[in-house]
Amino acid sequence: MSKNNPRRRTKIVQTGIGADPAHHAVIPPLYLSSTFEIPGIGERLPYEYSRTRNPTRDMLAQAMTDLEEGVGASITSSGMAALTLIVHLLEPEDLLLAPFDCYGRSYRLLMELANKKHFRLKFVDQYSPAGLEEAFSEKPKMVLIESPSNPVMRIADIKSISAKAKKAGAITVVDNTFLSPILQQPLKLGADIVYHSSTKFLNGHSDIVGGCVVTNNKDILTDLEFWNNSLGTIGAPFDSFMTLRGLRTLELRVHRAQENAEKVAAMLDQHDAVETVYYPGLKTHAGHDIAAAQQEGFGAMLSFTIKGDFENVKTFADNVHLFRLAQSLGGTESLMNHPATMTHVSMGAEAREKAGVTDGLLRLSIGIEHIDDLLDDLKGGLKAIG
Ligand SMILES: *Cc1c(COP(=O)(O)O)cnc(C)c1O
């Protein structure tokens with residue numbers, strides 16, 4: 001390893017280490033202060049007021065810039081705040097193309113802002129070349145991609161869509177929450193902006209809500225920073241500190257969780273009580289080849305449907321104990337989600353059906369527990385169905 005060009009993992013582990021001028025603390029201190037003293041009238045310092053800039057938040061921004069290999073990052077108070085920032089780049093006449101099966105709350109936010117004429121909006125099927133062709137002929141300004149999609153893990157071809165967007169004069173934005181920069185780097189595939197709900201894998205311990213936006217375009221960064229400061233969508237110093245702490249083990253966590261997920265997917269795929277497993281790592285998955293080409297791995301998220309009626313889903317959920325029935329994902333602990341009644345309620349029944357979110361669908365966020373305990377737990381739930 002060269003001293004001047006450390007690898008990504010080294011950069012993240014080393015972010016801010018030994019950078020404390022006051023006491024030489026090894027781990028960088030947490031700056032909670034909202035304001036900073038100015039030496040004299042008319043003089044300027046990098047840090048004056050924490051909405052505008054804060055040292056702890058900046059340190060996390062540096063780590064995220066390194067991880068996604070962009071030119072800079074804006075740290076926000078949530079994943080939704082990150083998307084809010086991004087759509088502020090649009091003018092009322094600009095057209096935004098968004099996936100018809102995007103994260104439920106993103107779907108709702110975009111729809112309501114479009115209703116208020118903040119921009120024009122079209123939900124598209126990014127998995128169909130014909131549908132995409134037609135959408136691009138309408139000269140969009142921004143294309144939003146979420147891959148893998150939530151919850152049925154559809155895979156969008158980021159390289160191909162970004163290239164088409166560029167030709168049409170649009171910028172490409174990718175929600176990279178499900179994989180993290182360890183498993184997918186959208187900027188390298190041609191996207192202009194990548195964002196995360198840091199609440200999930202980046203922080204990774206289910207104890208803060210946060211978001212971030214990374215770009216490889218300096219002009220876009222300037223606009224994002226203006227809007228983050230003006231809207232006040234900024235992430236709190238404490239949450240930034242926690243997220244940076246989480247990031248230092250991101251690679252270890254993601255790799256262990258993914259290893260577990262591969263084994264869970266294989267077990268479910270073979271099980272008689274299971275109808276369909278949605279995991280891009282399975283050769284039978286429609287997006288397997290694109291995922292294999294654009295991702296570094298298949299991730300730790302999967303969904304599946306149980307055979308029979310809704311009662312079977314309830315019986316299963318009542319008989320698993322390690323997998324907690326809860327919203328969210330990407331923590332060290334395994335979680336189970338019933339999208340139709342939990343994460344995707346806000347979408348409405350019609351959009352849900354179109355997106356493939358049926359009542360029998362369950363989503364799993366695989367944690368870093370011992371694999372045999374996870375498998376035993378799920379098998380116990382499936383056995384209870386009888
Ligand atoms: C959770 C999530 C969001 C929203 O992030 P918050 O931090 O909850 O605001 C957006 N996109 C995806 C894919 C998510 O999983």
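Colleague: Which residue in E11 does Arg324 stand opposite?

Modeller: Arg324 stands opposite Leu335 in E11. Strands here (E, at least two residues) and helices (H or I, at least four) are DSSP runs, numbered from the N terminus.

Colleague: Before we go on, what kind of model is this?

Modeller: It is a predicted model: local features need pLDDT of at least 70, side-chain atom pairs count only at pLDDT 80 or more, and totals for chains, interfaces and linings use all residues. Residues are numbered from 1 along each chain as its sequence is written, and side-chain values use heavy atoms, with hydrogens and water left out.

Colleague: Thanks! Back to the strands: how do E10 and E11 run, and how many bridges join them?

Modeller: E10 and E11 (residues 335-337) run parallel, joined by two bridges. Two strands count as paired if DSSP finds at least two bridges between them.

Colleague: And what is the strand order in that sheet?

Modeller: The order is E8-E9-E12-E11-E10, an open sheet of five strands with mixed pairing. Strands E8 (274-278) and E10 (324-325) stand at the edges with a single partner strand each, so one side of each has no neighbour in the sheet.

Colleague: Changing topic, how many helices and strands does the protein chain have?

Modeller: The protein chain has 14 helices and 12 strands. Its radius of gyration is 21 Å, close to the 21 Å from the globule rule for 386 residues, so the chain is as compact as a globular protein of that length. That radius is taken over C-alpha atoms, and the rule is 2.2 Å times the number of residues to the power 0.38.

Colleague: What about Ser162, buried or exposed?

Modeller: Ser162 is buried, at 4% relative accessible area. Buried means under 20%, exposed over 50% and partly exposed in between, using a 1.4 Å probe and protein chains only. Ser162 sits in helix H6 (residues 158-168).

Colleague: Which residues does Ser162 touch, leaving aside neighbours within four places in sequence?

Modeller: Ser162 is then in contact (heavy atoms within 4.5 Å) with Thr172, Leu189, Gly190 and Ala191.

Colleague: And where is Asn312?

Modeller: Asn312 is in helix H12 (residues 310-318). It counts as buried, at 18% relative accessibility. Leaving aside neighbours within four places in sequence, Asn312 is in contact with Ile306, Lys307 and Ile385.

Colleague: Last one: what share of the protein chain is buried?

Modeller: Buried residues make up 53% of the 386 residues.
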